[in-house]
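Dear colleague,

I am handing over the structure we talked about, and it is shown just below this paragraph.

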Amino acid sequence: MSDSTGQQRVQTGVPNAEAVLNGGLLPESATLVRGTPGAGKTIFGLHFLTASNEPAVYINLGEPAAYLETTAAQFSLETEHIEFLDLSPSAEEFQGDQAYDLFESGEVETTPLVEQIRQTVETIEPTRVLIDPVTELRYLAPDERQFRTQVLSLIDFLKSQGVTVVLTSQAAQSVTDDDLQFLVDAVITLEATADRRMLTVPKFRGSKTRRGPHTVTIDNSGMCVWPTLNPAAYHRDGEISTLSSGVDELDSLLGGGLSTGTISFLTGPTGVGKTTTGLQFLIEAARNDGRSVLYAFEESKRTMFKRAEAIGLPLAKYVGDGLIVIEEIDTDELTSDEFTHRIRTEIEDRETQVVMIDGVSGYERAFRGSDDPAYELLKIGRYLRNMNTTGIIINEIHEITGDFRATEHRVSHLADDIIVLRHVEYRGELRKIIGVLKKRTGGFESTLRTLEITDAGVSVGEPLSALRGILTGTPDWNDE
Ligand SMILES: Nc1ncnc2c1ncn2[C@@H]1O[C@H](COP(=O)(O)OP(=O)(O)OP(=O)(O)O)[C@@H](O)[C@H]1O
Ligand SMILES: [Mg+2]
């Protein structure tokens, strides 16, 4: 495989890692994979050695070969082409005094360990070599300087044999490995916190990389990278058209409907009808054979079906047809990077035209482990817009009546359109109203209308010209 400039690349074998590494590792280079215990260095190394069927050598100084083979099998990684040079503490070579001699001699070329590695490499002629963990050699070298010299000469030898090398380093705050980072061409840092695993590429000589940290997951199929979303990297041409709500009065309010390829916020307190109003647009898109995905962070699919059925919305029909997909996202189920990857798959592989996120609070709750969920949502909005996809974002506000502040969230400046839903008191009765606060493309009505949700569906009334002062506070009805 080659990168954007036609340069050959070596696959790491970790799914999606090539997106971060601009195609892969450089051939005949040395990469240091560093991280705390359990960060996934060995699993990364196993992916690397099994990414091709060409002869490979695993120089294992930590876990014994049998354990590594079991680990690989657990992830269905085929190890038949791998020669293990077992230098783990439990291996025979390391028993007794002999172990201490391995690095005893000052002469690099004549040390038994290095000699053993050379012989193995010359016999096997591997294209990939893993030294896991290279930091074990530190304890075998007489001093730091000789450790560095030994490692450097080993790297040089391997590269001269046409080998692409991965070395792992057990790095912790108390044990730095800066010296090793200087000796290699690329550095990949793996991190594991209570909330998530991450991968960063702080150094990559001769190549571009994607700035991280990127999310990493480990499950029964092994390690996978979920690159962070970079909206600027995406663009799709398309005409701006209008997405109708299917309710004439609502369309009039919106100057025809929602503009496709823009981001609309439906904002209002709980129970005012935000989700239902949003669903209207998905149903209309489906009526015209457009595919939508609704990411439900606040309520279950079942509740949504029940409500739609109660008001006569044919949601179940279109879900059955595959034109509307509802994905329930539970708290802590996914990381934000995995979520954006799902959205990308919908848009890039399945031609999804409308994405609805219900809603901002649930989204932020679900991804509270990420550094800045609001910023992530902003990036999703930019991506949708760049991909000419229509975004509908439900934003719950906490006041039931009163001030018409559109949103309490920083994300509101992402909105091209803001549709406001409110409860107001009118002659002792609580009514729902709907209005448009902002629309970036085209005109819209500046009046408010009543909104009713009954078993006959969503209905929007005539403009309420008598309603005043709603933007500043408690509304004032001027018709009495
Ligand atoms: N099937 C699995 N599903 C989920 N996580 C797994 C699975 N198998 C292993 N892991 C996780 O992978 C991690 C171990 O990865 P690995 O052995 O590659 O780490 P390491 O960085 O090499 O650690 P060390 O420094 O101790 O050698 C552990 O955190 C473990 O929880
Ligand atoms: Mg390990």
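How many residues surround ligand 1, and which are the closest? In this model, which is predicted, 14 residues surround ligand 1, and the closest are P37, G38, K41, T42 and I43. Two elements give two or more residues to this shell, namely helix 2 (41–50) and strand 8 (214–219), and helix 2 gives the most, with 3 residues.

The protein chain has an average pLDDT of 88, and 89% of the residues score at least 70. Over residues 94–102, however, the pLDDT is below 50, and this stretch has 9 contacts in the model beyond near neighbours in sequence. The pLDDT is also below 50 over residues 104–110, a stretch with 8 such contacts.

Turning to the chain as a whole, the protein has 14 helices and 22 strands, and 45% of its 480 residues count as buried. Among contacts between residues at least 6 apart in sequence, 68% join residues that are at least 24 apart.

Which residues have the most contacts inside the largest nonpolar core? That core has 63 residues, and those with the most contacts inside it are L282, L294, L315, I324, I419 and I434. Helix 9 (residues 274–287) gives the most to this core, with 6 residues.

Strand 2 (residues 56–60) is largely enclosed by the rest of the structure, because 5 of its 5 residues are buried. In a regular strand the side chains alternate between the two faces of the sheet. In strand 2, A56, Y58 and N60 point one way while V57 and I59 point the other way, and all of them are buried. Strand 2 pairs with strand 3 (residues 82–86) in the parallel sense over 5 bridges, and the bridge partner of V57 in strand 3 is E83.

For an antiparallel example, please look at strand 19 (residues 448–454) and strand 20 (residues 457–463), which are joined by 5 bridges. A hairpin through 2 residues connects strand 19 to strand 20, and I453 stands opposite V458 in strand 20.

Some backbone details also deserve a careful look. Most residues other than glycine have a negative phi, and most peptide bonds are trans. The peptide bond from G212 to P213 is cis, with omega near 0°, and P213 lies in the loop between strand 7 (197–204) and strand 8. The peptide bond from D358 to G359 is cis as well, with omega near 0°, and G359 is found in the loop between strand 15 (352–358) and helix 13 (360–366).

As for phi, N16 has a positive value of about 75° although it is not a glycine, and this residue lies in the segment before helix 1 (17–20). N16 counts as partly exposed because it has 19 C-beta neighbours inside 10 Å, whereas a residue needs 20 or more to be buried. E28 is not a glycine either, and its phi is positive, at about 55°; it is found in the loop between helix 1 and strand 1 (30–35). With 17 C-beta neighbours inside 10 Å, E28 counts as partly exposed.

Is L414, finally, buried or exposed? L414 has 21 C-beta neighbours inside 10 Å, and therefore it counts as buried, although it lies in a loop, between strand 16 (390–396) and strand 17 (417–426). Not counting residues up to four places away in sequence, L414 touches I263, L378 and G381. L414 and F265 are 149 residues apart in sequence, and yet they are 8.8 Å apart in space, C-alpha to C-alpha.

With best wishes

Technical notes:
Residues numbered from 1 in each chain as written. Chains lettered and ligands numbered in written order. Predicted model: local features only at pLDDT ≥ 70, side-chain atom pairs only at ≥ 80, totals over all residues. Near = placed C-beta within 6 Å. Helix = DSSP H or I, 4+ residues; strand = E, 2+ residues; numbered from the N terminus. pLDDT = per-residue confidence, 0-100. Contact = placed C-beta atoms within 7 Å. Core = buried A, V, L, I, M, F, W, Y, C linked by C-beta atoms within 7 Å. Buried ≥ 20, exposed ≤ 12 C-beta atoms within 10 Å, placed from the backbone. Pairing = 2+ DSSP bridges.
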